[in-house]
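Could you look through this one with me? I have jotted down some points to check against the picture.

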Amino acid sequence: RQGLAIGIVATAIIQSSSTTTSIVVGMIAGGLPLNIAIPMLFGANMGTSVTSTLVALGLAGNKKQFQQGFSMATVHDFFNLIAILIFFTLEMLTGFLGKTATVIAPSLSGSGDGVLAGIFESIGDFIDMITEPLVGLAGSLVEPLGDVWGGVALAVLGIVLILFSIQFIGNILNALLVGKAQDILYAALGKNAFVGVLSGAAITTLVQSSSTTTALTVPLAASGKFKVRTLFPFVVGANIGTTVTGLIAAFSASGAEAEAAMAGALVHTLFNTFAAILILGVPFLRKLPPAGSDWLAAMATKNKLYVFAWIGGVFFLIPILAVFISNALS
């Protein structure tokens, strides 16, 4: 339970499940037991969806757009809540995901020198080549503030950049989504749930950020060109795509810790894949996330306090209380 709460809060703060899972995979390689790490990976899934919820706040000036955008933002929350409720319970009772990942891991990990490992490492190196200079520049600018306040400044800057970037991209998409372009995107995202999942997974794999991918759906839904139920499979696919970063981190491990790291990364991949298959495949379960997000969006449109109660309660207050209560009982 503590691991689940820590995963939620940590990912909500840094707004990157990819970063959280990579850190956890590294900790597994360093000796962290898999059964302790698994709840953290589950929590990372939940914490990452706070980004799109924050993006929806930028639409607060228009009630109709806000309701559609906030429903889209929180459908990811409800999906992850249901997935965690089912698979966290299953894992605690049976250890199904951990055992399955442990069986598969040896065939994928090796010594980290395989062709597949080289492909993933090359992708990671290419992205690092682009982003590391920018990250280094930002770090040097806030260095005079010290580690704590410098980190806070970077976090705030990151949130601001995400909001401006998503708003800019959203405006471009709204301008482009006419005629044939709209038909093509609609075919990719909505007419077939399987294609929608694959699209979300592919795009998230390329950008290595499910937060960015899912946040992009908010202005699409707010524009009225796409319904929440149409875009829902796309954000489910983003959950799968974000696990690639953990796999890259696992491939970089070598020696005795390689198998443990790969098992941890595979748990995250299996969790998101099985959750997508189960929830999208069972009609009753598939209806629950959109129904929940529509209900919450209607409440939030009437009173914005529900927005802050949802963000503060689900992503911070409840997980932190769970940690304190668990420590008090132990």
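Here are my notes, point by point.

1. First, some ground rules. This is a predicted model, where local features need pLDDT of at least 70 and side-chain atom pairs count only at pLDDT 80 or more, while totals for chains, interfaces and linings use all residues. Residues are numbered from 1 along each chain as its sequence is written, and side-chain values use heavy atoms, with hydrogens and water left out.

2. Now the overall picture. The protein chain has 16 helices and zero strands; helices (H or I, at least four residues) and strands (E, at least two) are DSSP runs, numbered from the N terminus. Of its 330 residues, 46% count as buried. Buried means under 20% relative accessible area, exposed over 50%, and partly exposed in between (1.4 Å probe, protein chains only). Take the contacts with a separation of 6 or more: 81% of them are between residues 24 or more positions apart. Contact here means heavy atoms within 4.5 Å.

3. Have a look at helix H13 (residues 243-251). Eight of its nine residues are buried, so the rest of the structure largely encloses this helix. Among the buried ones are Thr 243, Val 244, Leu 247 and Phe 251.

4. Next, a pair of helices. Two packed helices are described by the angle between their axes and the distance between the axes. Helix H3 (residues 34-47) and helix H14 (residues 257-281) have axes that come within 10 Å and cross at roughly 45°. (Axes are lines fitted to C-alpha atoms, for helices over the stretch in contact, and angles run from 0 to 180 degrees between N-to-C directions.) That makes H3 oblique to H14: angles under 35 degrees count as roughly parallel, over 145 as roughly antiparallel, 65 to 115 as roughly perpendicular and the rest as oblique. The crossing of H3 and H14 is right-handed, meaning that the near helix is turned clockwise from the far one by less than a right angle.

5. Who touches whom there? On the H3 side, the contact includes Ile 38, Leu 41 and Phe 42, and on the H14 side it includes Val 267, His 268 and Phe 271. Sorted by class, this contact of H3 with H14 has seven nonpolar, four polar and no charged residues. (Ala, Val, Leu, Ile, Met, Phe, Trp, Tyr, Cys and Pro count as nonpolar, Asp, Glu, Lys and Arg as charged, and the others, Gly among them, as polar.)

6. While you are on H3, find Met 40, which lies in that helix. Met 40 is buried, at 12% relative accessible area. Its C-alpha atom is 9.9 Å from that of Val 9, 31 residues apart along the chain.

7. Now compare helix H5 (residues 63-94) and helix H12 (residues 228-241), which pack at about 45° with their axes 10 Å apart. H5 and H12 are therefore oblique to each other, and their crossing is right-handed. Met 72, Val 75 and Phe 79 of H5 are among the residues in contact, as are Leu 231, Phe 232 and Val 235 of H12. The contact of H5 with H12 divides into eight nonpolar, five polar and no charged residues.

8. Last stop: Thr 301 in helix H15 (residues 283-302). Is Thr 301 buried or exposed? At 12% relative accessibility, Thr 301 counts as buried. Leaving aside neighbours within four places in sequence, Thr 301 is in contact with Lys 63, Phe 66 and Gln 67.
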